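Colleague: I am new to this structure. Please walk me through it.

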Amino acid sequence: MTLPLLEPTLSGPRVVPVLVLDDPEDAVSLAKALVAGGLTTLEVTLRTPKALACAEAIAAKVPDALVGLGTLVRPEQFAQARDAGARFLVSPGLTDTLAAAAKDAGLPYLPGIATVSEALIAWEHGFRELKFFPAMLNGGVPALKGMAPLIPEVRFCPTGGIKAENLRDFLALPNVFTVGGTWLTPADAVKERRWGDIERLAREASALAGSAQAGQA
């Protein structure tokens, strides 16, 4: 079967803020700040009791945001994420059961991998876009460079340890189509509702990503 891809739906800077949210009202304000800063693809992680409600609120009230659900580790979560308005799905790893649930959901899916063997298993399941996680703990840029000639059909979204300081290095890799990170939404800024600070961080990341993409052109 032909599986849908995330990359063709992306526009603008290739940076995905990875969000830990537990208040739907704050989630909407946060999403608006990120979108105002130029980042429109957002991953809400299922790490809090109200994560699904937060994703649903963003999908309903921030039309310019492309909302995904991450940290999917149980098969029933895939349908729940789709029903909440998710446009793409992300897991930290991959099992046969999760692969089947992702295919049933019918949305772009990024299963997490850390090794070439895991990437080959995902490839055998039909997935061509993978989450490289945790990126820095598993070799970072050199590891992805090493994978490129081995599995050239696969494109990666590295997350885990990505920051403004190494963003350009990851985006310069030909087998990386986007990156994800939590540095854009510091916990203290979210708690204190400093949406202006988050918009500023988003603008800085947008500029860095834009310069990296221009360098590849």
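Colleague: How much of the accessible surface of the protein belongs to carbon and sulfur atoms?

Modeller: This is a predicted model, where local features need pLDDT of at least 70, side-chain atom pairs count only at pLDDT 80 or more, and totals for chains, interfaces and linings use all residues. Residues are numbered from 1 along each chain as its sequence is written, and side-chain values use heavy atoms, without hydrogens and water. The accessible surface (Shrake-Rupley method, 1.4 Å probe) comes to about 9600 Å². The carbon and sulfur share is 55%.

Colleague: What percentage of the residues is buried?

Modeller: Buried means under 20% relative accessible area, with a 1.4 Å probe and protein chains only. The protein has 217 residues. The buried share is 50%.

Colleague: How are the rings of phenylalanine 78 and tyrosine 109 arranged?

Modeller: Rings of Phe, Tyr and Trp (its six-membered ring) pair if their centres lie within 6.5 Å; planes under 30 degrees apart count as stacked, over 60 as edge-to-face and the rest as tilted. Here the centres are 5.3 Å apart and the planes stand at 70°. So the pair is edge-to-face.

Colleague: Which residues form one aromatic cluster?

Modeller: Phenylalanine 78 and tyrosine 109 are both buried. Tyrosine 109 also pairs edge-to-face with phenylalanine 127, at 5.2 Å centre to centre and 75° between the planes. Phenylalanine 127 is buried too. The cluster is Phe78, Tyr109 and Phe127.
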